Amino acid sequence: MSKKMNMIKIKSRLISCVSIAALSVTYSVGVVADEALEKVKATIGAAWQAAKPGIVINGIEKTEMPGIYKVSVGPSSNIYSTADGANFIVGDLFRVQPNKITNVSEEARNGDRAKAVASVADKDMIIFPAKGERKARMYVFTDVDCYYCQKLHHNMAKMNELGIEVAYLGYPRAGIGSGSYKKVASAWCADDKQAAMTKLKNREEIPENVCAGNPIDAQYNLGREIGLSGTPALVLEDGELISGFLEPEALAGRLGLK
């Protein structure tokens, strides 16, 4: 065998050894990092349980701020804790960049909201489809007695013409069992849900029909979980929450359709 062939074999073995060593180091660092995070989680969890026995913590995760961890005790919680669990703050975390300040907490909430609304089955919503090509879907938590909910509905034809599909979820502001709840539930239980919704938004009456198994209770609770404060509440497909009324052209702009 030539010296050249021997050298090639030796180099090849060296490269393999270096690669294996690099993988081993990467694996070891990953394991140590995971173990450190689990230790922090256990420490924070124990501190909170000692302060408030029985509290349910849904998750603890690292943030981009060194030494600060996000503690989830609800879908919309903004709680950030030190690694020892001895101190925490409530509020939003921001990222500072050149010519830009980003609300990191809102980015996370957007992701949670997007998953939440996407999990609702189409059959449990009242959908007004886009005319022609659907360019965007907008989820709208609505109360039929709310003035701006009614005003938004009066623009339905224009929104649909712009390619916006509107998917309604019920959110009676007065709560489950209220008069508004009975109205909105009756729309969901009607044979022609779209017509019933339009009548209510025009301040017309429809027969009361709160059928068993209607989805309004679940949708109302979902709205509360994702932090709604009123109606109409518009949730875009990326999870962005728009509280209040916008004209169709302004909506198209927010949806990137213009």
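Accessible areas here come from the Shrake-Rupley method with a 1.4 Å probe. The model is predicted. By that method the chain exposes about 14,700 Å², and carbon and sulfur atoms supply 56% of this area.

**The chain as a whole**
- The chain has 258 residues, and 40% of them are buried.
- Eight helices and eleven strands are found in the chain.
- Of the contacts between residues at least 6 apart in sequence, 62% join residues at least 24 apart.

- Val96 belongs to strand β5, which covers residues 94-97.
- Val96 has a relative accessible area of 68%, so Val96 counts as exposed, the cut-off for exposed being over 50%.
- Together with Phe94 and Ile101, Val96 forms a nonpolar patch on the surface.
- The accessible area of Phe94, Val96 and Ile101 together is about 350 Å².

- Val120 is buried because its relative accessibility is 14%, and buried means under 20%.
- Beyond its neighbours within four places in sequence, Val120 is in contact with Met125, Leu169, Gln219 and Leu222.
- Val120 and Ala218 are 98 residues apart along the chain, and 9.7 Å separates their C-alpha atoms.

Definitions and conventions
Residues are numbered from 1 along each chain as its sequence is written. This is a predicted model: local features need pLDDT of at least 70, side-chain atom pairs count only at pLDDT 80 or more; totals for chains, interfaces and linings use all residues. Side-chain values use heavy atoms; hydrogens and water are left out. Helices (H or I, at least four residues) and strands (E, at least two) are DSSP runs, numbered from the N terminus. Buried means under 20% relative accessible area, exposed over 50%, partly exposed in between (1.4 Å probe, protein chains only). Contact means heavy atoms within 4.5 Å. Patches are made of residues with over 30% relative accessible area and no salt bridge: like charges are joined within 9 Å, nonpolar side chains (Val, Leu, Ile, Met, Phe, Trp, Tyr) within 5 Å. A salt bridge is a side-chain nitrogen of Lys or Arg within 4 Å of a carboxyl oxygen of Asp or Glu.
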